[in-house]
Amino acid sequence: MTTNDHVPANEKLYLGPLATRLKGMGMTAGVVCLGAAIVWGAMLGDDMRRFMHSYLLAFTYFLSFALGGLFFVLVQHLTSSTALVAVRRLAEILTAAFPVLFVLALGIVVPLWVGNKSLYLWSDPEAVHGDHILEAKAGYLNAPFFAIRMLIYFTIWMVLSRYFLKKSVEQDTSGDPALSAKMKKVSGPAMILFALSTAWAAFDLLMSLTPHWFSTIWGVYYFAGCAISVYCLLALISFALQKSGRLTRSITVEHYHDCGKMANAFTLFWAYIGFSQFMLIWAANIPEEAVFFRPRMFTEWKWISLALIIGHFCVPFVGMMSRHVKRNPPLLALWCIYMLGVHLFDLYWIVMPAFSPEKIVIHPIDLLCVAGVGGLFLFGAVSVAGNARLLAVRDPNLKTSLRFINQ
Amino acid sequence: MDTTSQTNADATEEVFYGLVAEYDSPGALVHAAEQVRDAGYRKWDCHSPFPVHGIDPAMGIRPTILPILIFGAGITGTALAILMQWWMNAWEWQWVSSGKPYFSLPQQIPIAFEVTVLLSGFTAFFGMWALNKLPQAWHPLFKSDRFYKATTNGYFVSIEAADKKFDRAATEKLLRGAGATAIEEIRYTSSPELRKVPRPIMGFILLTSVLALVPFAFIAKWRNSHSPDPHFHIIPDMDFQAFRGPQTTSPVFADDRAARKPVAGTVARGELKDDDLFYRGLDNKQWSTRFPPQVEISEDTMERGRERFTIYCTPCHGEAAEGNGMVHQRALAVNAAATGWVQPSKLTDAGFVRQPHGQIFNTITNGIRTMPAYGPQIPEKDRWAIILYLRAIQRSRNASIDDVPEDKRPTLK
């Protein structure tokens, strides 16, 4: 690193042998856990309904990590932000998982295509027939169009993530500042594409579980989860890498502080969006809008709703508010693990009432799916980007980022 | 604090404020600040055109308590807003809006959020001013022409002569040793004349104070006088809306009626009243002698019936349904005989006891003779509850010893 005198000397910048181990661990966890989940799901004899819902939960959970990563990369370039350039490569590595997520999306699209109707009510012709609303929506909610839309979303995400990762890695060797200018130019239209595709993907994957219902703010709600995830992940991955002796001096307490601030702010954002969605529906109280909240307010699920308000907003919002918490990396890492946990819980609250509208149902298949999809996510991200440096060493803004101080 | 100027307030005297040293970069300023801090000075400050990263620890400034104040203000705002809405809507002036309970948290969150933000924002803004001892209209450092560079590209450290550690020569040596490019003494003349607020500023304060009273003067005048002029309307299209009230005409429709009938052949949600027994008290086209299945014969229904009966029936029929309610007694008191007053029916009479439930239901619904129809006021289920309660009254008024349980009879006299 002779040309990068602002990068601290003797900094370990590569995953190195760890990449092979992570890939192996991810693949093993993916094959074993997903395999076990599929076998177990088939043994339940419910036309794979349980498995499909758990799989959707795990899939949208890890998709939110990659989408969060893409959002972070785009917003960094769009605003020429300097403070968090030191962790941008980590977000770029997260987005490298999109190809694997695309393969995993086939697990939802293919069953739909071959006529399995265990996941979405709108995919069941008997349920649609005679139902005025579903018949009217059938032009949009049908298996072929669903598959086409998924293809469009993943094309956007894979092309964008590939572009930004490639250009950023290219700059590691060439040090060409024009690459930064180029990425900034692309990031504007890319952000528009990202916003539209994320919102529509959230409509298709999650909102259509309740096909009679609609909420225009739904995409923003899912995005809030993506944003919380990525800032927590950046802090957490930084912490883990520093524990393993990598990036020990590049990433400082200031970067942790900034990630913590953003995670805390997006926690409030999540609550703000969630409440905005709820309050309008609650105030108007018309049947076709209240249908989503009915099971979540008047059955066993109301306890999960209550737990979300307290556990996903009140506790972490106050808990992560103090700067002393955010400037204490081990403590912040604990809060980040907690936030990633409640984010999963949030998606669970979205997906599972579609499977069981009255009763809270937790099954080992849920965890097997999360572990399996998570393993493959890890495998996918490390396979694509595991050889790259963990730091954008010759980004023109890196120098400022390394010296960055919160005050 | 200016300690040297206090000896004789009336005399004009020259005050030695202290030293100001200029440095050529933010880095040099931070470096100098660290040395002044380590030398143990207390009354000193740094001046730069923009916030310099790292200056706080370099100056040894303790973390501000402002965040804690803001947090406290935010919590206060949340609590205050909830309390205010509870007091306004659930206590002082109970008001149903959108069919929600008087005290209903979702309704109150937006206001609680706003008040939280408002109080936090005010505390942050005004707290920052107060903690920084602002506003200061004048400062002794303004005596130095060089110091004006502090707003463009100058970086300064000033140390007050009032500091206990201040020593003219040693302090200058310290500042120069830290890399000062220039050092100046700050002296100013203190006189009672100079400490006065300048006349234009005083005039401005007086004028605005007087002007601020004008609106209150007008309010006081309007509250105590009468005017033949009509109201003025700030938002006229809200005060005069282009909608048609009930029982009015509309030029839009051929029949001139503003109120529209339902479209022929349609039924509004919840208006399909095809259950003869429940809605009309008919059982096979005859007055029903049984209660419809929708009405549960229970303690709760009985209690509901007692409550509705007390509200709607007792004014005429009386508490015990004997036709002697307050309206009847009042009619007698104002000599009703002259107006042909007919006493309300005594519902405990055998004729009413024998009447089928359905017939009584019909009477409540549509009225009879001078009794008006209560159908529009009392929902069906409540009408049935009233009948249930009336049956209990009738039975208690025509009771015999056989109605008393065997084991309770000895307690009767």
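1. Helix H2 of chain A passes helix H15 of chain A in a right-handed crossing, meaning that the near helix is turned clockwise from the far one by less than a right angle. Contact residues, those with C-beta atoms, placed from the backbone, within 7 Å, include Arg49(A), His53(A) and Tyr61(A) of H2(A) and Leu344(A), Val351(A) and Phe355(A) of H15(A). By class, this contact holds 10 nonpolar, 2 polar and 2 charged residues; Ala, Val, Leu, Ile, Met, Phe, Trp, Tyr, Cys and Pro count as nonpolar, Asp, Glu, Lys and Arg as charged, and the others, Gly among them, as polar.

2. The model is predicted: local features need pLDDT of at least 70 and side-chain atom pairs 80 or more, while totals for chains, interfaces and linings use all residues. Residues are numbered from 1 along each chain as its sequence is written, with chains lettered from A and ligands numbered from 1 in the order written.

3. H2(A) spans residues 49–78 and H15(A) residues 329–355, and the two pack at about 150° with axes 10 Å apart. They are therefore roughly antiparallel, the term for angles over 145 degrees. Axes are lines fitted to C-alpha atoms over the stretch in contact, and angles run from 0 to 180 degrees between N-to-C directions.

4. Between the chains, 7 residues of chain B are in contact with 7 residues of chain A. The chain B side has 3 nonpolar, 3 polar and 1 charged residues.

5. The C-alpha atoms of chain B fill a box of roughly 120 × 65 × 55 Å along the principal axes. Of its 413 residues, 19% are buried, with 20 or more other C-beta atoms, placed from the backbone, within 10 Å of their own.

Terms used: Contact = placed C-beta atoms within 7 Å. Helix = DSSP H or I, 4+ residues; strand = E, 2+ residues; numbered from the N terminus. Parallel < 35°, antiparallel > 145°, perpendicular 65-115°, else oblique. Buried ≥ 20, exposed ≤ 12 C-beta atoms within 10 Å, placed from the backbone.
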